[in-house]
Amino acid sequence: MNTLKVGDKVPAFFAKDQDGNTINLSDYEGKKLIVFFYPAANTPGCTLEACNLRDNYAELQSQGYELLGVSADSQKKQSNFKKKYDFPFPLLADEDHTVLNTFGVWGRKKFMGREYDGIHRKTFVIDGDGTVTKVIDKVKTKDHAAQLLD
C-alpha cells in the first residue's frame, strides 16, 4: 500500500458517482477538496462519519472546501446511502479500485484477529493545484469535521 503523503501531487483520476456522472479530479481545479475514504456505505462507522461531514458541510464550504466520499460500493448502494441520509456531496462508486489505488488506501487490514484486504479509512485534503496538504490517518467518525476544520 503506497499511500499519498503531504506534498504529493494527486495523479489525475475519474470515477462514476452515485448517479452515474463522471467525476474528474480536474473538476476541482482551483478549489480545496476533501476526499474521504470509507469501507462500506450504510455501516455504523461510515454512516457516523458521513453524517458528521453532512452536518458541518456549510462550515466546510464557508472555508472553501468541496467534498468527495469514496468507497468500493456499487452506484446503487452509494445512491441509496446518499438519499437515505441526504448527503449534499457526491459519493464515488469505485468498484474497480482505481481511486482507492491512486490514493493508496486499499490494502491489508486486521480485524478481530483476521487479516483481509480492504479500504483503510483515511481522509486527504487537496489544494487547488492538486497537492495533498493534509492526511488524516486516524479518523474520528463522530467528530471528523472538527479534524478538518482545526
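Leaving aside its neighbours within four places in sequence, with which residues is Asp73 in contact? They are Tyr38, Ala40, Ala41, Gln78, Ala93, Asp94 and Glu95, where contact means heavy atoms within 4.5 Å.

The structure is a predicted model, in which local features need pLDDT of at least 70 and side-chain atom pairs count only at pLDDT 80 or more, while totals for chains, interfaces and linings use all residues. Residues are numbered from 1 along each chain as its sequence is written, and side-chain values use heavy atoms, with hydrogens and water left out.

Asp73 is found in the loop between β4 (65–71) and α3 (75–85). Helices (H or I, at least four residues) and strands (E, at least two) are DSSP runs, numbered from the N terminus. The relative accessible area of Asp73 is 9%, so this residue is buried; the term means under 20%, whereas exposed means over 50% and partly exposed in between (1.4 Å probe, protein chains only). The side chain of Asp73 makes a polar contact of 2.7 Å with that of Ser71 and another of 3.5 Å with that of Lys77. A polar contact is a pair of N or O atoms within 3.5 Å; within protein, one must be able to donate a hydrogen and the other to accept it, and residues adjacent in sequence count only if both atoms are side-chain atoms.

**The sheet and its helices**

Five strands form an open sheet with mixed pairing, in the order β5-β4-β3-β8-β9. Its edge strands, β5 (91–93) and β9 (132–136), each pair on one side only. Two strands pair if DSSP finds at least two bridges between them. Strands β3 (residues 32–37) and β8 (residues 122–126) pair in the antiparallel sense over five bridges, and Val35 has Phe124 as its bridge partner in β8.

Helix α1 (residues 44–55) lies across β3, β4 and β8 and runs at about 160 degrees to β3. Helix α3 lies across β4 and β5, at about 165 degrees to β5. Axes are lines fitted to C-alpha atoms, for helices over the stretch in contact, and angles run from 0 to 180 degrees between N-to-C directions.

**Aromatic rings**

Rings of Phe, Tyr and Trp (its six-membered ring) pair if their centres lie within 6.5 Å; planes under 30 degrees apart count as stacked, over 60 as edge-to-face and the rest as tilted.

Phe81 and Tyr85 both lie in helix α3, four residues apart, about one turn of the helix. Phe81 is buried, at 0% relative accessible area, whereas Tyr85 is partly exposed, at 21%. Phe87 and Phe89 are both buried. Ring pairs link Phe36, Tyr38, Tyr57, Phe81, Tyr85, Phe87 and Phe89 into a cluster.

**Cysteines**

How many disulfides does a search of the whole structure find? The search finds zero, a disulfide being a pair of cysteine sulfur atoms within 2.5 Å. Cys46 is buried at 1% relative accessibility, and Cys51 is buried with a relative accessible area of 12%.
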